[in-house]
Amino acid sequence: MPLLMPVVLACLLFAVGIFGVLARRNAILVLMSVELMLNAVNLNLVAFDVYLRDQLLAGQTFTLFVITIAAAEVGLGLAIVLLVYRNRETAQLDDLHQLREDDPGPPDVRDDTRETAAR
Amino acid sequence: MPTILAAETTQAADATGVFALSWLLIALPLLGAAVLLLGGRRTDKFGHLLGTAMPFAAFVIGVVQFVAMLGRDPENRTFSQHLYTWLPVGSFQVDAGLLVDQLSMCFVLLITGVGTLIHIYSIGYMEHDPDRRRFFGYLNLFIAAMLLLVLADSYLLLYVGWEGVGLASYLLIGFWSYVPEYAAAAKKAFVANRVGDFGLSIAIMIMFAQFGSVSFDGVFAGADGASEGALTAIGLMLLLAACGKSAQFPLQSWLGDAMAGPTPVSALIHAATMVTAGVYLIVRSAPVFNGAPDAQLVVVIVGAITLIFGAIVGTAKDDIKKALAASTMSQIGYMMLAAGLGPIGYAFAIFHLLTHGFFKAGMFLGAGSVMHGMNNQVEMRRFGGISSVMKITWITFGLGWLAIIGVPPFSGFWSKDKIIEAAFVGEGWRPWVFGGAALIGAGVTAFYMTRLFLMTFHGERRWTDDVHPHESPKIMTIPLMVLAIGSAALGLILGPTNALVHWLEPVTGAHGEEAPVLSVPVLTGLTLLLIAVGVAWAYSLYVRQPVPEVAPAGSVLTRAARRDLYQDAVNESLLMRPGQYLTRFLVWFDNRVVDGAVNGLAALLGGTSGRFRRLQTGFVRSYALSMFLGAALLVGAMLLVRL
Amino acid sequence: MSALSVSATFAAAEFQTPSIEYSKLMPMLIVFGVALVGVLIEAFMGRTGRHQVQLILSIAGLVAAFVSVTMLAGDNQIAAVGAVAVDGPALFLQGTILLLAIPGVLTMAERSLDRGGVFTSAGSSTPGSEHERVLTATGVTQTEVFPLTMFAVGGMLLFPAANDLLTMFVALEVLSLPLYLLCGLARRRRLLSQEASLKYFLLGAFSSAFFLYGIALLYGYSGTVRLSGIAEAVSSNSGSDTLLMTGTALLAVGLLFKVGAAPFHSWTPDVYQGAPTPITGFMAACTKVAAFGALLRVLYVGLGGLAWQWEPVMWGVAILTMVVGSVVALTQTDVKRMLAYSSIAHAGFILTGLVATDTVDPDTGAVLGVSSVLFYLLAYGFITIGAFAVVTLVRDAGGEATHLSQWAGLARRSPLVAAVFTLFLAAFAGIPLTSGFTGKFAVFSAAIAGDAAPLVVIGVVMSAVAAFFYFRVVVLMFFNAPAPDGPAVAVPSPLTTVAITLSVAVTVLLGVWPTQVLDLADRASQFVR
């Protein structure tokens with residue numbers, strides 16, 4: 001099997017993922033784009049594995065690990081996005097820029113001791 | 001660096017016997033400082049006693065070592081004690097060790113001896129201060145750091161002590177930091193000292209780059225064959241360091257403000273010991289300076305300028321401590337001048353340093369005693385006629401005064417006269433300029449010290465109504481007496497016999513007898529004449545002219561004050577104006593040129609910083625973009641380097 | 001690697017039990033074991049006393065793991081069928097991470113500064129909600145931070161020891177995922193904390209995708225993910241150079257992201273500022289140690305034959321990192337952000353030591369690039385943990401007072417705290433007689449020995465620039481008048497006190513008496529290959 005096609009495909013998928021991360025404003029979509037990047041790598045790994053006729057099947061094994069870890073990552077990522085959404089009622093990344101170079105303004109008063117409605 | 005050690009001609013013996021205790025000299029005061037500063041209020045009760053015992057114990061060790069040293073041949077009086085290896089990085093290693101020789105022994109005795117007296121004095125002086133224990137803790141810290149400075153066997157360890165005394169000095173100047181001006185003074189001293197420290201660190205770096213070593217042995221062995229350019233660079237950087245620490249031109253301004261600290265601090269740190277560290281540095285680095293005549297010339301010039309500058313400032317100060325500070329500056333100028341003259345002057349620099357340590361510490365403590373009796377006033381215009389109520393202070397201060405202006409047979413005569421003689425040795429314009437400066441300085445010194453002495457102790461009583469001067473307690477006057485005896489006799493012991501010169505010869509190197517351009521009796525006669533003129537002038541201005549009786553109304557007081565002002569105006573127009581113009585020029589130079597360069601650099605960095613900061617927008621997607629571009633850059637770079 | 005050998009048997013159709021040297025993996029097993037027990041405690045134990053039990057268990061686990069590291073000292077072999085290297089650098093860094101984690105955990109457990117502790121009562125509750133009010137009133141706090149921290153520590157232990165890229169990737173994720181969560185659990189300023197968490201997570205996932213892609217390309221180049229196999233392929237020069245170079249670069253992106261080197265540093269200031277301060281300290285110290293360990297192993301063991309190619313690139317990264325860190329820190333107004341930029345600058349300084357590559361000291365036989373970096377990481381880690389612990393002490397009504405203007409005149413309020421912080425700043429600046437100086441000295445002299453003198457010149461200049469902003473804080477604390485409504489210095493419980501004291505002791509000790517540790521780093525500088 002020619003190696004070039006799956007490798008180029010993986011590269012394109014990876015690029016699409018990068019584009020998604022850079023262009024999407026919704027945290028969930030960015031998360032999906034990252035997953036796309038990981039899957040592009042999976043494709044790459046499997047393609048190399050087959051091409052190299054790896055006795056140890058390292059590429060395929062690696063893919064299984066990546067799938068598992070990606071699942072854990074998504075679970076965790078969704079939890080964080082959900083938490084942010086519950087507190088701010090938005091998952092738009094561009095709304096999250098309180099932490100930046102200029103003074104972040106007065107300290108956020110919404111700590112546990114005060115009653116404040118979420119935004 | 002065993003190879004370099006082997007190449008040395010004068011080898012240091014390993015410290016054995018009583019010399020093996022050298023580390024205790026530093027450890028004892030350090031222990032005192034640790035107990036007092038970490039022990040907190042629990043040590044309040046005995047803090048001052050412990051704090052005094054530590055330098056005294058060090059003094060006893062010093063004396064025992066001194067006696068042991070006297071019992072040995074002059075060439076076998078150098079001992080080294082290896083403490084531990086600090087940085088063994090590959091073939092290069094930095095050792096921490098102590099060097100006890102004739103030169104450091106002089107300093108050990110001065111620091112611990114005068115230090116102990118000042119500690120004793122402080123027990124009385126600081127009695128009512130709630131933070132007396134902390135004060136003693138800082139003093140002990142200072143003693144430890146100063147001993148480390150003079151006992152170090154490498155420039156690096158010396159640097160540690162150098163920073164240590166700077167820290168202690170800063171803490172003590174700002175001891176009463178609840179007064180904002182005092183905190184500002186501490187800050188000023190801090191900054192001026194940083195400039196000097198920068199010089200020292202650069203010097204150490206050059207030494208390391210040139211000789212691969214920072215120990216005295218290694219550097220001096222390397223200095224033999226080094227290029228004059230390198231030695232000059234090192235010498236100038238060392239001089240910068242010395243100028244910062246010893247308040248020499250052009251870094252002198254902090255010393256006057258440093259008088260904000262308690263008076264014993266002024267006596268110990270800003271008169272007797274720390275400010276003379278610069279002189280020590282230059283004398284210790286004799287092999288470097290001997291190979292760099294240009295650097296030596298600059299040292300002499302700096303010394304000459306400072307001695308005149310300090311003397312002129314001294315004539316115009318009405319604050320007794322600031323006048324004494326100006327005098328310190330000027331006297332250290334003498335030492336620097338002597339140190340810059342080379343082997344002929346090193347021993348005299350140290351000689352003057354020792355006598356100065358005694359008489360100046362004595363006078364500062366005397367001033368403290370006066371202030372103690374006068375509700376902490378420092379304005380000499382409100383003193384006058386104190387001699388009758390504070391007899392001991394008056395007599396001891398008087399001995400110090402006779403010593404500093406150089407009246408035979410008191411200490412200052414022997415040491416200062418030698419420096420003047422040495423300054424007149426040489427060819428061409430130099431002996432005339434530098435000798436002349438030293439000579440004129442002696443006259444001005446006589447004038448302003450007499451002015452200070454007379455304004456304080458003699459003439460009309462110009463006291464404010466609420467003061468009732470009284471003699472200080474015994475615990476303060478006894479140190480005064482001891483120091484006064486030293487001021488009177490030290491020169492007589494060391495001077496005519498040339499004992500100190502011979503003692504220091506193995507360290508500073510011998511020099512042949514060279515005749516000054518004017519014969520010695522003529523020079524001595526000239527000096528004494530100028531001194532007499534200075535004294536007489538001051539007498540005529542401050543005692544002979546009648547000050548009217550204190551009248552019931554305030555108007556007479558006002559008139560007296562006006563007359564004082566008038567005298568000041570004369571002083572100023574004759575002496576201060578040129579100094580002021582010079583100062584103004586220097587301030588201008590400092591503000592425009594030096595600050596300009598610094599500010600320009602700061603602005604450049606700040607601008608760059610701001611530009612970088614703008615990239616940090618807080619938007620996660622722009623961060624991702626920068627990472628992506630970085631990754632692309634990295635991939636591109638990797639692919640490029642392959643080509 | 002058990003999975004690899006299992007798949008090997010699949011192909012070879014004959015079953016062979018992989019041999020795993022459990023004793024060699026003891027430090028990691030202990031830490032992971034404690035983490036799992038911690039999860040069980042969290043699930044089954046009653047609320048009262050859970051905090052104490054978790055704390056004691058974590059500290060005991062860390063100490064036990066450290067003891068087992070010391071018992072392994074001197075080992076030099078590859079364990080677990082080639083997946084884990086038990087050699088000098090790995091053990092030194094594991095010991096460092098464990099030692100750093102102890103004060104890290106102690107500061108996390110501090111509860112007397114803020115009622116209920118630094119962390120939120122429950123990660124899922126909304127700030128200001130009724131649920132949260134009840135939790136705060138009853139003083140109930142979940143203690144999942146301890147097992148999370150232990151998982152992260154376990155990952156960090158594995159990261160510098162990983163001998164193949166699969167293990168390294170797993171370790172990277174195991175150390176990162178708990179940290180993403182920990183960043184978002186602050187009790188005060190929760191929104192900032194969660195923002196930091198999300199940013200860290202997204203960028204971290206983004207960077208691990210690059211890391212993974214790099215692995216895939218290297219695998220394609222060499223046909224193996226084992227570092228020694230890659231080194232072999234590099235030396236025999238078989239395969240496509242494009243794959244190798246691109247793979248190396250992308251792999252480096254992932255690792256440089258974790259160490260916080262420019263231009264992959266942009267997450268650092270935001271995350272350091274937003275995360276709960278004890279987590280920031282832990283992260284800044286331990287993650288950096290682990291990530292530099294992995295970077296060292298990849299570059300030296302796997303890609304050592306490629307040094308000619310990656311060295312110039314690393315030069316560029318080191319210079320950029322030092323410049324960005326030092327220069328941007330100049331204009332910072334927040335203590336935590338300033339320390340973040342300082343940590344970026346320090347990453348740059350460490351990189352200068354790293355490019356000394358395989359320069360061997362003729363006297364001691366030490367690999368200078370490795371030994372100097374090992375020492376620097378130990379020194380830097382303790383300074384960082386200590387400095388962030390001090391930051392937790394300066395508080396006003398709204399929690400920690402991190403704006404620099406609030407630190408003015410701190411020395412009047414608490415001379416001791418100001419003096420301790422000054423010590424840490426002096427160590428950061430590299431003043432002699434502090435560990436920072438010894439570390440800088442080590443990396444710079446290694447770089448000089450490795451013919452990277454220009455890099456050292458830039459490093460020294462940037463140290464001077466950095467010293468400026470450190471001393472600006474010192475001046476601020478000692479010479480400026482305190483604001484009337486400025487923050488106070490809280491008195492911590494023995495937990496934080498012990499952590500700070502430990503950091504001070506190490507900082508001074510490594511400055512005054514570094515010989516033993518320098519020797520140890522020298523002896524530990526040989527990678528097993």
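Chain B and chain A bury about 1100 Å² between them, of which 60% lies on carbon and sulfur atoms; buried area is the accessible area (1.4 Å probe) that two parts lose on being put together, summed over both. B:Arg613, B:Phe619 and B:Arg621 supply 52% of the area that chain B buries against chain A, more than any other three residues. The model is predicted: local features need pLDDT of at least 70, side-chain atom pairs count only at pLDDT 80 or more, and totals for chains, interfaces and linings use all residues. Side-chain values use heavy atoms, with hydrogens and water left out, and residues are numbered from 1 along each chain as its sequence is written.

**Interface composition**
- Eleven residues of chain B are in contact (heavy atoms within 4.5 Å) with 14 residues of chain A.

- One salt bridge (a side-chain nitrogen of Lys or Arg within 4 Å of a carboxyl oxygen of Asp or Glu) is counted between chain B and chain A.
- A:Asp94 and B:Arg621 form a salt bridge, with their closest N and O atoms 2.8 Å apart.
- Helix 24 of chain B (residues 620–642) provides six residues, the largest share of the side of chain B that touches chain A; helices are DSSP runs (H or I, at least four residues), numbered from the N terminus.

**Confidence in chain A**
- The mean pLDDT (the predictor's confidence in each residue, from 0 to 100) of chain A is 84, and 84% of its residues reach 70 or more.
- Over residues 104–119 of chain A, pLDDT stays under 50, and the model has 31 contacts beyond four places in sequence for them.
- Where pLDDT is low, the predicted coordinates should not be read in detail.

Note on methods:
Chains are lettered from A and ligands numbered from 1 in the order in which they are written. Helices (H or I, at least four residues) and strands (E, at least two) are DSSP runs, numbered from the N terminus.
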